[in-house]
Amino acid sequence: MTPLFSTAPVTDRVADGQSAVPVLELDRAARTYPGPPPIDALKPTTLVVAAGDYVAITGPSGSGKSTLLNLMGLLDRPTSGRVIVDGIDTSALSERDRTAMRGRRIGFVFQAFHLMPHRSAAENVALAGLYQKIPAHVRRNAAQEALALVGLVHRADALPTQLSGGERQRVAIARALATRPSLLLCDEPTGNLDTVATGALLDVLDDLNTRLGTTLLVITHDLSVAARSHRHISIRDGVLVPAD
Ligand code: ADP
Ligand code: MG
């Protein structure tokens, strides 16, 4: 498998086995919203996600899923505790460095696919890495590789409106993969999909995890998604508990 942008493909990190640095660590990370009244949306939480893990987090509305996702994706900072990505403590970093880390190391997949409507599938995927100033020809090649990973090379020239919901989400996954992130962070990735498209998407995630060693963290309401993960954690009132 040719690496896309990164000089350290995910597969190498998996091959490292025991010595591999966790992709993500929450070290007593907590988030309180100031209010009034203040809300302890995430209680002090410790979580280690190793390279090659496939973690699902489920919980009811208001339990703290988005708060957790925002911390893990470096979109927000903990009120206390630390968020460590690829062994780097992000607490001390400037906003600029956090943005750079997010762009390089974390791939996001959301429920609403967020594709550009007038750009083809390949062009949408090739937008990944634009802000990291990766040259256009490199991004175009990476886009083709990433589309191949999700089984959509034959639809590279299609516009989002010409694709099914499931295909659009696979394009969104390809875009997230094109920068070779250490972690793929998915927020309700099957929320807009029917049962058949959900099954196909879960097959893609399985394949990425098994064949490429892509580290997956999926936040979901869907227990069929959680059932495919290797580790199912539930969140209640800002506290993580094993769900199995
Ligand atoms: P979920 O994504 O599981 O529905 P959230 O993480 O969005 O849960 O919210 C967890 C708790 O924090 C809820 O009680 C919610 O009302 C509260 N909350 C979320 N965001 C904010 C905010 N920006 N300011 C104040 N309270 C918030
Ligand atoms: Mg939410």
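Pro37 is found in the loop between strand 1 and strand 2, where strands (E, at least two residues) and helices (H or I, at least four) are DSSP runs numbered from the N terminus. Pro36 lies in the loop between strand 1 and strand 2 as well. The peptide bond from Pro36 to Pro37 is cis, with omega near -5 degrees. A cis peptide bond also joins Gly35 and Pro36, with omega about 10 degrees. Most peptide bonds are trans.

This is a predicted model, in which local features need pLDDT of at least 70 and side-chain atom pairs count only at pLDDT 80 or more, while totals for chains, interfaces and linings use all residues. Residues are numbered from 1 along each chain as its sequence is written, chains are lettered from A and ligands numbered from 1 in the order in which they are written, and side-chain values use heavy atoms, without hydrogens and water.

Four strands form an open antiparallel sheet in the order 2-1-4-5. Its edge strands are strand 2 (39-49) and strand 5, each pairing on one side only. Two strands pair if DSSP finds at least two bridges between them.

Strand 4 and strand 5 are joined by two bridges. Ile84 has Asp89 as its bridge partner in strand 5, and Val85 stands opposite Ile88.

Asp86 sits in the loop between strand 4 (80-85) and strand 5 (88-89). This hairpin has two residues between the strands, and Asp86 takes a positive phi near 50 degrees. Asp86 is buried (under 20% relative accessible area; exposed is over 50%, partly exposed in between; 1.4 Å probe, protein chains only), with a value of 16%.

The side chain of Asp86 makes a polar contact with that of Ser182 at 2.6 Å. Such a contact is a pair of N or O atoms within 3.5 Å; within protein, one must be able to donate a hydrogen and the other to accept it, and residues adjacent in sequence count only if both atoms are side-chain atoms. Leaving aside residues up to four places away in sequence, Asp86 touches (heavy atoms within 4.5 Å) Val21, Pro22, Val23, Arg105 and Ser182.

## Other positive phi values

Most residues other than glycine have a negative phi. Arg180 has a positive phi of about 55 degrees; it is found between helix 6 (165-177) and strand 7 (183-187) and is buried at 7%. Glu188 has a phi near 50 degrees, lies between strand 7 and helix 7 (195-212) and is buried at 10%.
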